[in-house]
Amino acid sequence: MASLDKPPTHTTIHKGRGATYDPHNRFAPTYSVAEDDGWWREEASTTRATEVREETSKSALSWNNSPDLPFDRSLNPYRGCEHGCVYCYARPSHAYWDLSPGLDFETKLIARNGLVERLSEEFCKPGYVCRPINLSGNTDCYQPLEAKRLLTRQLLELLLTCRHPVTIVTKSTLVLRDIDLLAEMAEHRLVRVFVSLTSLDAALKRTLEPRAASPQARLKVIRELNTVGIPVGTLVSPVIPGLTDHEIERILEAASRAGARTATWMLLRLPHEVAPLFEAWLEAHYPERAAKVMSLMRQCRGGKAYDAQFGKRFRGEGIFADMIAQRFNRASRQWNFQARTEQGLNTQDFRPPNAQGDLFY
């Protein structure tokens with residue numbers, strides 16, 4: 001049966017949101033298509049409130065064996081992300097929860113309760129081997145929801161107590177709230193923070209990453225973390241050919257002057273539903289560049305919008321991708337950046353909870 005709602009155009013701009021529409025959930029057995037029957041109806045609202053659902057976690061860590069990643073385990077306190085970055089490679093995962101990777105991903109969030117208890121249990125398993133955990137492997141652990149839920153802070157408290165190393169990736173100023181914990185962890189070589197910088201153009205950021213911190217605010221985060229001795233680096237990610245690639249050198253210079261000591265980059269990834277979402281965003285905000293950007297992306301992906309092969313998915317291939325890599329490497333040398341690594345973090349002082357419940361507050 002066709003929906004009675006007015007069919008949205010894929011270039012509808014929703015205030016404070018990145019996606020312009022909700023693509024079909026590819027796992028759903030049925031779907032509806034809105035048809036205009038000629039009857040008058042009110043225009044659909046272009047604003048969407050944020051909804052939060054609760055999930056009782058059955059496990060904490062997510063494991064991977066990807067040769068492209070410097071870590072083999074990650075931890076995500078939230079599903080979905082209110083930052084609303086239209087390019088986010090994690091969007092397709094929302095379909096597993098019967099939600100759309102589009103607007104649902106940034107407006108219908110899931111808070112994972114019980115993670116401290118589950119992580120404590122996993123630390124106590126006889127075969128557990130301590131290696132750095134990556135916080136925000138899928139969605140930002142410091143997205144706005146964290147200000148009230150405190151799930152990330154609770155996890156950091158457990159990690160500090162257990163002397164377990166962690167790496168954090170964020171584009172939020174909220175990480176500064178936990179500077180007390182992070183500074184103490186840094187004293188024991190237990191933490192590294194990576195601040196994502198996509199662009200220094202505030203106007204571009206407002207549509208590309210609508211609810212993330214401004215570029216200048218992220219540089220402030222780098223400065224303040226560095227000032228108190230917390231190791232901090234930057235991720236120039238994603239690099240978008242024809243839209244942000246011209247900023248590589250300026251981003252690295254700004255990050256270095258702010259105090260970042262490590263840097264890496266990733267090419268835009270457009271898996272599954274992300275490709276049409278991103279193309280719709282381009283048509284809505286940068287119609288004059290849309291064709292060029294997608295053409296350059298396909299040149300970097302062997303003629304496709306995306307290539308998921310290990311060794312290619314983060315960097316791409318071809319002349320344009322090679323040029324981006326050369327420019328990044330040259331600027332990194334100029335500003336004395338080191339490559340991102342998990343080496344040097346302390347795994348020797350790890351001490352699991354003595355008994356289930358010891359660390360529960």
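**A walk through the helices and strands**

Let's start with a helix pair: the axes of helix H9 (residues 274-285) and helix H10 (residues 290-300) come within 9 Å and cross at roughly 150 degrees. Here an axis is a line fitted to C-alpha atoms, for helices over the stretch in contact, and angles run from 0 to 180 degrees between N-to-C directions. H9 and H10 are therefore roughly antiparallel to each other, a label for angles over 145 degrees. On the H9 side, Phe278, Glu279, Leu282 and Glu283 meet Ala290, Val293, Met294 and Arg298 of H10, where contact means heavy atoms within 4.5 Å. The residues of this contact divide into 5 nonpolar, no polar and 3 charged; Ala, Val, Leu, Ile, Met, Phe, Trp, Tyr, Cys and Pro count as nonpolar, Asp, Glu, Lys and Arg as charged, and the others, Gly among them, as polar.

A word on the basis of all this: the model is predicted, with local features needing pLDDT of at least 70 and side-chain atom pairs counting only at pLDDT 80 or more, while totals for chains, interfaces and linings use all residues. Residues are numbered from 1 along each chain as its sequence is written, and side-chain values use heavy atoms, leaving out hydrogens and water.

In the protein as a whole there are 11 helices and 10 strands, taken as DSSP runs (helices H or I, at least four residues; strands E, at least two) and numbered from the N terminus. Of its 361 residues, 54% are buried, meaning under 20% relative accessible area with a 1.4 Å probe, protein chains only.

Because 6 of its 6 residues are buried, E8 is largely enclosed by the rest of the structure. Val191, Val193 and Val195 point one way from E8, and Arg192, Phe194 and Ser196 the other way. Strand E7 (residues 166-170) runs parallel to E8, joined by 5 bridges, with Thr167 opposite Arg192. Between them the chain passes through helix H5 (residues 179-187), in a right-handed β-α-β crossover: with the strands pointing away from the viewer, the path from the first strand over the helix to the second runs clockwise. E8 is also joined to strand E9 (residues 232-239) by 4 bridges, again in parallel, and Val193 has Val232 as its bridge partner.

Finally, look at the open sheet of 3 strands, ordered E1-E5-E4 with mixed pairing; strands pair if DSSP finds at least two bridges between them. Its edge strands are E1 (51-56) and E4 (78-79). E1 runs parallel to strand E5 (residues 108-113) through 6 bridges, and Glu51 stands opposite Lys108.

Definitions and conventions
Parallel < 35°, antiparallel > 145°, perpendicular 65-115°, else oblique. Buried < 20%, exposed > 50% of the residue type's maximum accessible area, 1.4 Å probe, protein only.
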